[in-house]
Amino acid sequence: MLHLGLPRLSFSPALAVLGLLLAVGAAQGAAPAARAAADTPPGKGVPAATAPAPAAAEAVAGEPGSVDTAVDTRGLDQEVQGLKKDVVDLNRELFVLEEELLFPANTQVAVFLSMDVGDFFGLDAVQLKLDQKEVINYLYTPREVEALLKGGVQRLYLGNLKVGRHELVAFFTGKGPNDRDYRRGASLRFEKGIGAKYLELKINDRQRKQQPEFEIKDWE
Amino acid sequence: MLTSALWWQCVIAVPLGVGSLALAQPGYGLLGQSAPEFALHAVAGGNVRLSEHRGEVVVISFWSSRCTPCRTQLAALDRSLTTYRSAGLQIYGINVDDDQTRALEFAHGESVAFALLLDPEKDVSRRYQVDNLPMTVLVDRGGIVRYVLRDYSDKSQELYLKQLRALLNE
């Protein structure tokens, strides 16, 4: 499947770009030739070898009204838009392919982070340890915190783990109630099976205690 | 006679020209490359991530509390920010001190309008191949490293403003 997919992904946009460049080149080449043909006095004639191509003749015919030029520009614009869409699609397919190759489903582990309310905690950084080994230390900018508070879920970490028992420890750093420096940890022991494992770090406000709450949820 | 003199002038001028270009930016490996991504703590609080400033011209200046010209340069950068902020300029000063206390003292003594960032692990400084202080890296709106200045002088400041204007006009 990969062997069949890759050449299609790699070569079709390249051919499209080449085609487009050739088309633009032909159009640019044809216009001066057409102008030269129009400027030539009727008596002198044009040698057969340098006679304008049919495309040039069309360009000559189209010059007075410039309607054809407008149509051509629109067509070119549509082609460019189509090409852009192809590039975006290609990029997405390559991204998925890369993830499938680097993080196969049977060993994949992904850790997400979400925040709810955030009145009692201003997130600054999260440090993640998997089986006592630091895998990520992520600093949050005000924009990122804002996005999380609006309901965004961030994929904080994507990696590979073998089947068996593992431990995830997360340290949350930031500003707690009354704008005090705050650092809290949360841990979870989990069993990694054959399929992909998804874990979520959740930061909630506990209204009753007026404190933030940190929780690690295993998406079964 | 005249031809011979011209030839000698060329022989002397070409290596000099090449030499002066090399002095301006000797072998900086990041020129034309994507600026290495970073997220660092700011002295005034909060964090800064470079990729959030795509679409703006970003000037990154590496400084230390032990470097005397750094203070003058930070002030000059601050002036350029006042002038060009509305044109889409962002400036960050990244500290490379081993002693964070000294860095903080120095930073609190500076009244610049841009964020001074701390790089205690020197990870960002290493990725930006800092080999002299002050060192200033100019990143264009597309996130590409376009210019680097490895010292501070009136001449380099002139060059900085010229390069900055060029990037802001793009």
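## Starting with strands

Two strands count as paired if DSSP finds at least two bridges between them. Strands (E, at least two residues) and helices (H or I, at least four residues) are themselves DSSP runs, numbered from the N terminus. With that in hand, look at β4 and β5 of chain B: they run parallel and are joined by 4 bridges. One such bridge links Gly93(B) to its partner in β5(B), Leu116(B). β5(B) also pairs with β1(B), this time in the antiparallel sense and over 2 bridges. Here Ala42(B) stands opposite Leu117(B) of β5(B).

Two notes before we go on. This is a predicted model, in which local features need pLDDT of at least 70 and side-chain atom pairs count only at pLDDT 80 or more, while totals for chains, interfaces and linings use all residues. Residues are numbered from 1 along each chain as its sequence is written, chains are lettered from A and ligands are numbered from 1, both in the order in which they are written.

## Chain A and its sheet

Chain A has 4 helices and 8 strands. Starting at the N terminus, their order is α-α-α-β-β-β-α-β-β-β-β-β. Among the contacts of chain A between residues at least 6 apart in sequence, 63% join residues at least 24 apart.

Now find the open sheet of 4 strands in chain A, which has the order β3-β2-β5-β6 and antiparallel pairing. At its edges lie β3 (133–139) and β6 (181–192), each of which pairs on one side only. Neighbouring strands are turned against each other by 20° on average, direction ignored; such angles are taken between N-to-C directions, from 0 to 180 degrees, with axes fitted as lines to C-alpha atoms (for helices, over the stretch in contact). Strand β2(A), residues 122–130, is tied to β3(A) by 6 bridges. Across this pair, Lys129(A) stands opposite Glu134(A).

## A stop at Glu200(A)

Glu200(A) sits in strand β7 of chain A, residues 197–206. Is Glu200(A) buried, exposed or partly exposed? It counts as partly exposed because it has 16 C-beta neighbours inside 10 Å. Leaving aside neighbours within four places in sequence, Glu200(A) is in contact with Phe112(A), Ser114(A), Lys217(A) and Trp219(A).

## The nonpolar cores

A nonpolar core is a set of buried Ala, Val, Leu, Ile, Met, Phe, Trp, Tyr and Cys residues joined through C-beta atoms within 7 Å. Which residues touch the most other members of the largest core? In this set of 41 residues, they are Phe62(B), Tyr92(B), Ile94(B), Val137(B) and Val139(B). Elements of chain B that each supply at least two residues include β3 (57–63), α2 (68–84) and β6 (135–139). β3(B) gives the most, with 6 residues.

Not counting residues up to four places away in sequence, Val137(B) touches Ile60(B), Tyr128(B), Val145(B) and Val148(B). A second, separate core has 17 residues, among them Val111(A), Met115(A), Leu123(A) and Ile203(A).

In α3(B), the buried residues are Ala103(B), Phe106(B) and Ala107(B). They fall within an arc of 100° seen down the axis, so they line one face of the helix; the arc is that of the directions from the helix axis to the C-beta atoms. The face turned away carries the exposed residues Thr101(B), Glu105(B), His108(B) and Gly109(B). Covering the buried residues of α3(B) are elements that include β4 and β5 of chain B. An α-helix has 3.6 residues a turn, so residues three or four places apart point the same way.

The buried residues of α5(B) are Tyr160(B), Leu164(B) and Leu167(B). Their arc around the axis is only 65°, which puts them on the same side of α5(B). On the other side, Asp154(B), Lys155(B), Glu158(B), Lys162(B) and Asn169(B) are exposed.

## Where the chains meet

How many residues of chain B are in contact with chain A? There are 7, and they are in contact with 6 residues of chain A. On the chain B side, β1 (39–42) and β2 (47–49) are the elements that give two or more residues. β2(B) provides the largest share, 3 residues.

Technical notes: Contact = placed C-beta atoms within 7 Å. Buried ≥ 20, exposed ≤ 12 C-beta atoms within 10 Å, placed from the backbone.
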